[in-house]
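Please examine the sequence and the three-dimensional structure shown below. The paragraphs that follow consider how charged side chains pair.

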Amino acid sequence: MSIPFLKGHGTENDFVIVPDPENALDLTPATVAALCDRRAGIGADGVLHVVRSAAHPEAKGMAADAEWFMDYRNGDGSIAEMCGNGVRVFARYLQHAGRVTEGDLAVATRGGVKTVHIAKDGDVTVGMGAAGFPEGDITVTVGEHTWPARNVNMGNPHAVAFVEDLAHAGDLYTPPPFSPPSAYPEGVNVEFVVDRGPRHVAMRVHERGAGETRSCGTGACAVAVAAIRRDGSDPAATGTPVTYTVDVPGGRLVITERPDGEIEMTGPAVIVAEGEIDAEWLENAVRRAGRA
């Protein structure tokens, strides 16, 4: 037996895509980790499990608004609320598979229903919802450096630190320590940000459950809204949308915050391969992981 899969990326944040409309597959954490292993598996930052909303217990309540549910898993097998780059690649898969065409669609996620627009030029825009700004002072530390960080919630938690040099973020293999520990009981995505020009920033990120990734869509949104408030140009106060360009190691994303708080993220999404997962290999890989 074999399991169909595809491989895709959004600004080099890469994913194994597993189509499973009726939610028939048991994607355990060990299974996901085996698929995402970059040496012994297919390799990815995470898995996009493609399921009809009506077939998934966590998404049935959204089925009237969105036919498809993005059951997203981090590379270590843990469950995540949202993945901005993942939503774009998820939409591109649906288009590739003939499930949708250019134009608008809705995608259910654990962070709510997201509106998506597939443009003729190939870019995909995602309505990411509004950012939340939990109260409390946060600091992030790498080596001898400690910075204040902006606490931003994009359906998942982020700590955004503005730094002088992206190299100060270190190797980002392990989660950067943050304080107070109670601020993020389930871990946090940490973004390190430098200015590149007017309304133009660059970032590196440690994604919880994945380590440093080439891009993070929700992280780019968190960075943009943190920069907007740092720069005193809150659209809710000015009545004018604000757009920031966010460079990530894997490319470039364009983030717009509207006066109503809605954040839109635009960027590429690419399907690079498709094939079949050998079920016997996967079973053995999961078994070996269980003995480790």
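**Salt bridges in the structure**

Asp 247 and Arg 252 form a salt bridge, with their closest N and O atoms 2.7 Å apart. A salt bridge here is a side-chain nitrogen of Lys or Arg within 4 Å of a carboxyl oxygen of Asp or Glu. The model is predicted: local features need pLDDT of at least 70, side-chain atom pairs count only at pLDDT 80 or more, and totals for chains, interfaces and linings use all residues. Residues are numbered from 1 along each chain as its sequence is written, and side-chain values use heavy atoms, with hydrogens and water left out.

Side chains of opposite charge can pair when their charged atoms come close. Asp 247 is buried, at 16% relative accessible area, whereas Arg 252 is partly exposed, at 46%. Buried means under 20% relative accessible area, exposed over 50%, and partly exposed in between (1.4 Å probe, protein chains only).

A salt bridge also joins Arg 258 to Glu 264, at 2.9 Å from N to O. Arg 258 is partly exposed, with a relative accessible area of 29%, and Glu 264 is partly exposed at 27%.

Where do Glu 283 and Arg 287 lie? Both belong to helix H5 (residues 279–291), and because they are four residues apart there, about one helical turn separates them. Helices are DSSP runs (H or I, at least four residues), numbered from the N terminus. The closest N and O atoms of the salt bridge between Glu 283 and Arg 287 are 2.9 Å apart. Glu 283 is partly exposed at 48%, as is Arg 287 at 39%.

Finally, Lys 7, Asp 14, Arg 38 and Asp 45 are linked in a network of salt bridges. The structure holds 19 salt bridges.

Key
Helix = DSSP H or I, 4+ residues; strand = E, 2+ residues; numbered from the N terminus.
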